[in-house]
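Here is a briefing on one structure, arranged by topic. Take a look at the sequence and the model before reading on.

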Amino acid sequence: MSLLTKVPTGADLLAEIDALRKERNAVILAHYYQTPDIQDIADFVGDSLELSRKAAATDADVIAFCGVKFMADTAKILSPHKKVILPDMDAGCSLEDSCPPEKFKAFREAHPDHIALTYINCSTEVKALSDIIVTSSSAETILAQIPPEQKIIFGPDRHLGGYLSRKFGREMLLWPGVCIVHEAFSETELLKLKEQYPDAPIAAHPECPPSIIDHADYVGSTSGILKFAREFAGDTLIVATEPHIIHQMEKALPNKTFIGAPGADGNCSCNICPYMALNTMEKLYVALRDLTPQITIDEEVRIKAKRSLDRMLEMASGTVGMGDLGKVRLSGD
Ligand code: SF4
């Protein structure tokens, strides 16, 4: 039976999803890169870690994660006793796909004197093989605490790793993964847009390649870009990240203008994440109704992955000082 035939004809999806949310005692999470209809029905809209932490703090029995699989996995790592559902289990990520656990393990074994600092956009298995997880908002705080003589593997995003490497003047071994969405921004088209709006600053996500980052007035995570949007002095902002984030900007700041940075032909939709786009209101409804597809994680792998996530939370909050970093032991066991 196709998915659509499982949705009652003429159903008021908003009302049906709302009723199921109550019936299931569910919390609905939406990443900033989801479509506006999904963002608007969610209990929380945010970046992946922030959403998982908020959901963990609720007494919900079910987490409906409208995002991609590694994000729903992270919610399950933090909330093992809650059911975590993802509207479409094929909602993956090019960064996660670039870094198969067995290849990452072999790479670590080839560099035993390096610690693995790993971007959260990876599988649970890769998190379990890592020492410290970082997000785009915590990466700089964490890197600043790692002694300069400590060798580092950074994966799977070579653009985020390269940005950090340049900013800190610090060499790192970079895993060669990229986000296909941020990779698709065009420098030529961006400069043409900047000519049209010379006073508009450019805010870019560090998953962008250097050709985009080099023109940015602000570089930061999705939450950082939203903060910059609230605080910059002008009235027009060029946004170089997945364009659905603009929905939150337009809601919060109706008097400002937000323009998505262009892709290669200046007018393509290549900057819309094709994985996030797999989630729809219909699939969310079916997932809440049937409690499937559901995330499951091997408990031993979950505990190892949580250890590297916990290190990030401790270091990002400053509860592990420079003196304690020597205790960060390679977890590639
Ligand atoms: S926008 Fe890029 S990093 Fe984010 S889920 Fe899509 S492919 Fe992955």
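In which loop is P293 found? P293 belongs to the loop between α15 and α16. The model is a predicted one. The points below start with that loop and its peptide bonds, then turn to a helix pair and the ligand.

**The loop between α15 and α16**
- Helix α15 covers residues 281-290, and α16 covers 299-316.
- T292 and P293 are joined by a cis peptide bond, with omega at about 0 degrees.
- I297 lies in this loop too, between α15 and α16.
- Setting aside residues up to four places away in sequence, I297 touches D73, K76, I77, T124 and R302.
- I297 and G46 are 251 residues apart along the chain, and 23 Å separates their C-alpha atoms.

**Other backbone features**
- A cis peptide bond also links G155 to P156. Its omega is about -15 degrees.
- P156 lies in the loop that runs between β7 (151-155) and α10 (158-168).
- N25 has a positive phi, near 50 degrees, and is not a glycine.
- N25 has its place in the loop between α2 (13-23) and β1 (26-31).

**Helices α4 and α5**
- Helix α4 spans residues 48-56, and helix α5 spans residues 69-78.
- The two helices pack at an angle of about 35 degrees. Their axes are 9 Å apart.
- The crossing of α4 and α5 is right-handed.
- From α4, the contact takes in S48, L49, S52, R53 and A56. From α5, F70, M71, T74, A75 and L78 take part.
- By class, the residues of this contact divide into 6 nonpolar, 3 polar and 1 charged.

**The ligand and its shell**
- Where does the ligand sit? The largest cavity holds the ligand.
- Y33, V68, C93, S94, L95, N121, C179, V181, E207, C273 and Y275 surround the ligand.
- How do the residues of this shell divide by class? The shell has 8 nonpolar, 2 polar and 1 charged.

Key:
Residues numbered from 1 in each chain as written. Predicted model: local features only at pLDDT ≥ 70, side-chain atom pairs only at ≥ 80, totals over all residues. Heavy atoms only, no water. Near = heavy atom within 4 Å. 1 Å grid on protein atoms, 1.4 Å probe; cavity = no way out; pocket = protein on both sides within 12 Å on 5 of 7 lines; lining within 4 Å. Sits in = over half its atoms within 2 Å of the grid points. Nonpolar A, V, L, I, M, F, W, Y, C, P; charged D, E, K, R; others polar. Axes fitted to C-alpha atoms, helices over the stretch in contact; angles between N-to-C directions. Helix = DSSP H or I, 4+ residues; strand = E, 2+ residues; numbered from the N terminus. Left-handed = near helix turned anticlockwise from the far one by under 90°. Contact = heavy atoms within 4.5 Å.
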